[in-house]
Amino acid sequence: MSETLLQDLKARGLVAQMTSEEELEKHLSEGSVTLYCGFDPTADSLHIGSLVPLLTLKRFQEYGHKPLALVGGATGLIGDPSFKAQERKLNDDSTVAGWVEKLKKQVSAFISFDCGDNSAEVVNNLDWTQNVNILTFLRDIGKHFSVNQMIAKESVKQRIDREGAGISYTEFTYMILQSYDFQQLNASHGCTLQIGGSDQWGNITGGTELTRRMNGNQVFGLTLPLITKSDGTKFGKTESGTIWLDAAKTSPYAFYQFWLQTADADVYRFLKYFTFLSVSEIEQIEKDDAERQGRPEAQRVLAEETTRLIHGEEGLAAAKRITEALFSGDTSSLSEQDYAQLAQDGLPSSVLDLDAVADSPLTTILSEAGMAPGGKQVKDALQRNAVIVNGNAHGMDDNMNATGVFAAENALFGKYFLVKLGKKKHHLFTNA
RNA sequence: GGUGAGGUUCCCGAGUGGCCAAAGGGAUCAGACUGUAAAUCUGACGCGUAAGCUUCGGUGGUUCGAAUCCACCCCUCACCA
């Protein structure tokens with residue numbers, strides 16, 4: 001590769017801030033660097049908000065550097081106050097410990113543990129913090145921090161300056177804990193670089209300073225940009241909630257659909273952030289899309305690349321199979337086996353016991369199946385004839401007619417009902 | 001410990017005795033238009049097919065009637081000590 005890693009990252013727009021660019025560039029060129037990025041357990045799975053840092057670790061590894069994925073068994077117990085408007089509730093330690101185990105597995109999927117000298121490692125900061133004595137902490141670590149500097153950090157400013165906000169000592173200490181992580185990893189693993197989201201800048205620089213003071217070593221920090229959408233809404237959320245990396249929480253199909261629905265204004269930027277396609281390849285795609293009128297290819301490429309990264313070839317194949325079937329408009333081409341496969345591939349599905357629900361209105365049946373959060377929305381769709389069962393549109397008239405709608409003679413292959421609510425929500429009912 | 005400000009439906013935020021299931025904005029959902037896009041327009045947005053039912057930190061109370069008044073409690077925040 002003629003281009004350096006930093007040049008590539010910058011071309012992708014993946015660098016928000018870094019400590020002394022020239023020195024970091026030089027440091028990275030001098031051989032394999034050990035770097036780390038922390039992931040705090042705040043839920044039982046990572047979501048796509050963590051994707052950029054994870055992929056960046058992988059990018060570093062591809063350039064021969066050694067990534068450490070740090071799972072915040074300790075910091076997760078405290079809660080990062082950075083740019084958070086208010087104090088957060090503490091999670092109890094057994095919960096956090098359970099999440100730590102899940103996150104370990106997830107982060108492991110991205111980086112290689114079997115590539116020689118720069119094989120990745122997963123570390124847990126609970127290992128080096130849980131037995132630190134409070135007096136040791138205050139005298140050996142705390143002494144290096146100036147409260148004046150800490151309160152001046154942009155990341156906690158709004159909590160300190162703003163009326164109606166506040167910050168507990170617990171959360172205020174978070175920065176010290178994270179700084180300590182960097183110092184410890186520098187001592188134990190020779191780690192010299194920390195990466196993280198741009199909200200982590202304050203915590204990262206805290207770590208570089210602590211390492212310099214305690215270990216006498218110069219270490220570096222680099223932050224990644226916050227992913228924004230052109231329409232100003234929050235990235236990574238949809239009507240059905242957060243997009244998780246765990247296939248059990250967000251199916252490969254739903255994941256694929258999420259990316260497919262990326263706005264034009266964002267898609268080329270996202271290709272640079274979330275795929276390993278080279279910048280020039282991405283520019284070519286953009287050019288081709290511009291020349292060809294109509295639907296751009298970029299969304300499809302983005303969805304394929306990301307789904308493959310997270311869920312593998314199989315997950316991608318499943319996602320595409322469902323997408324083909326549902327959006328081609330031609331479900332008649334599907335065989336009986338195809339229907340059985342759809343449910344397995346992650347198309348939302350459920351078993352319908354017509355005897356049990358014969359008296360229920362469709363609003364109840366469909367909302368309980370998870371097609372809509374409440375009956376009201378099903379009702380709204382019914383009033384607009386936007387509920388399609390095996391190709392037949394239904395309106396309010398059929399609301400109390402579950403028996404007729406789901407009559408055995410209408411079932412495909414004697415047992416399948418493919419229900420479509422609106423343009424994008426599909427659900428497969430199987431006759432009991 | 002003292003003083004002050006607060007806790008409203010997913011979020012922000014109006015509402016200070018009946019006209020309040022509760023303004024407005026955001027987010028979200030559906031329809032039209034489209035490219036499973038954006039923008040725009042329309043409708044929905046506590047629960048319920050409906051009749052109706054349950055909400056405004058909690059518990060009691062005043063009242064024909066309370067998100068609104070009173071008492072106590074819980075929680076958050078700010079300032080002071």
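Four elements each supply at least two residues of the lining of the largest pocket: strand S2 (34-39), helix H3 (51-62), helix H11 (174-189) and strand S5 (191-197). Helices (H or I, at least four residues) and strands (E, at least two) are DSSP runs, numbered from the N terminus. This is a predicted model, where local features need pLDDT of at least 70 and side-chain atom pairs count only at pLDDT 80 or more, while totals for chains, interfaces and linings use all residues. Residues are numbered from 1 along each chain as its sequence is written, and side-chain values use heavy atoms, with hydrogens and water left out.

Now the pocket itself. It holds about 1300 Å³ of space. On a 1 Å grid over the protein atoms alone, a pocket is an open set of points with protein on both sides within 12 Å along at least five of seven lines; a cavity is a set where a 1.4 Å probe fits but cannot get out; lining residues have an atom within 4 Å of a point. Points are joined across faces, edges and corners, and a volume is the space filled by probe spheres set on them.

The largest pocket has 49 lining residues, and His-47, Gly-49, Ser-50, Lys-84 and Asp-199 lie nearest its centre. By class, 20 are nonpolar, 20 polar and 9 charged. Here Ala, Val, Leu, Ile, Met, Phe, Trp, Tyr, Cys and Pro count as nonpolar, Asp, Glu, Lys and Arg as charged, and the others, Gly among them, as polar. The largest pocket lies between domain 1 (5-224) and domain 2 (237-333), because both give residues to its lining. The domain bounds come from an automatic or database domain assignment.

The largest cavity has a volume of about 100 Å³. Helix H8 (147-152) and helix H12 (201-215) each give two or more residues to its lining. H12 gives the most, with 4 residues. Among the lining residues of the largest cavity are His-144, Phe-145, Gln-149 and Arg-213. By class, this lining has 4 nonpolar, 4 polar and 3 charged residues.

The second largest cavity has a volume of about 70 Å³. Its lining includes Asp-80, Pro-81, Phe-172 and Asn-203. The lining residues of the second largest cavity divide into 5 nonpolar, 3 polar and 2 charged.

Note on methods:
Chains are lettered from A and ligands numbered from 1 in the order in which they are written.
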